[in-house]
Amino acid sequence: MKIAILSRNENLYSTRRLKEAGEKLGHEVDIIDTLHCYMDISSSRPAVRFKGKALPYYDAIIPRIGASVTFYGTAVVRQFEMMGTFSVNESVAISRSRDKLRSMQLLSRKGIGMPRTGFARQPDRIDDLIKNVGGAPVVIKLLEGTQGIGVVLADTQKAAESIIEAFMGLNANILVQEYIKEAGGADIRCLVVGGKVVAAMKRQAAAGEFRSNLHRGGQASLVRLSPAERKTAIDAAKTMGLNMCGVDILRSNRGPVVMEVNSSPGLEGIETATGKDVASMIVEFIVKNAKPNNTKTRGKG
């Protein structure tokens, strides 16, 4: 098979591992810088061009689309879909998962456990917004934040009001969520591929930090999932329409709650913590499913 990895950096661990895994299984794998692609959308035969030439037909693409290039990246994925190429994650599903508000609304509609959440731009009653998610302490998030950036824990009502007012002054969209104290600064990253949890790790926040992101000094370790946690991760991935994703879960007193569904999860932390060859599992999923035009949307919406 001919497989293309859409990635801005060929030296990233996840990109390298996917290429190695694909080639080890006997496939031809190219790494293509997403932002250097440009599209011929006016002809009867859609094409993606790169470095002055039309790219050849690929049986499948693996989008590694960073949050900062979601708009252009998903447009490139959509173009490949219109050419009949199979995408591990479809453009519509990537866009859906990147919109934190839309994600939470969809998860809520499906009855998947989540922290109590409020969304606001310029609320007339900040005190009511905080009260509605259970009161301080609360977690306040910028809607566009990634890797723990733009996430603040407000310990008191006064601090929460001040932070929300500050974000309002910047005309920012914010989420206000209940703080799951019993999680103890830890979350669980479940890696879902093809409707199955293929690996899971616990991420423990560094001392004095409540964000467990590995980018912020969190420590990863192997974890055993409960049946409820496994089902929650699978249901969340299905709701987003993602074939491959990372689902971040907190252990709360009322059961597992989903914090985020990541359409382009890093592989280094979870492969190191679990010792599993997740990259090869992703390639094997492609081999089983990559047929021409085997997409739900075919780039149409």
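## Glu260

Glu260 lies in strand 16, residues 255-262. Strands here are DSSP runs (E, at least two residues), numbered from the N terminus. This is a predicted model: local features need pLDDT of at least 70, side-chain atom pairs count only at pLDDT 80 or more, and totals for chains, interfaces and linings use all residues. Residues are numbered from 1 along each chain as its sequence is written, and side-chain values use heavy atoms, with hydrogens and water left out.

Glu260 is partly exposed, at 36% relative accessibility. Buried means under 20% relative accessible area, exposed over 50%, and partly exposed in between (1.4 Å probe, protein chains only). Leaving out residues up to four places away in sequence, Glu260 touches Gly246, Val247 and Asp248. Contact means heavy atoms within 4.5 Å.

## Asp248

Asp248 sits in strand 15, residues 244-252. Asp248 is buried, at 5% relative accessible area. Beyond four places in sequence, its contacts include Asp187, Arg203, Val257 and Glu260.

## Asn262 and the annotations

Asn262 is also in strand 16. Asn262 is partly exposed, at 21% relative accessible area.

An unreviewed UniProt entry annotates Asp248 and Glu260 as "binding site". The "binding site" annotation also covers Glu260 and Asn262. UniProt positions follow the numbering used here, feature names are shortened, and annotations may be inferred rather than shown by experiment.

How values were computed: Helix = DSSP H or I, 4+ residues; strand = E, 2+ residues; numbered from the N terminus.
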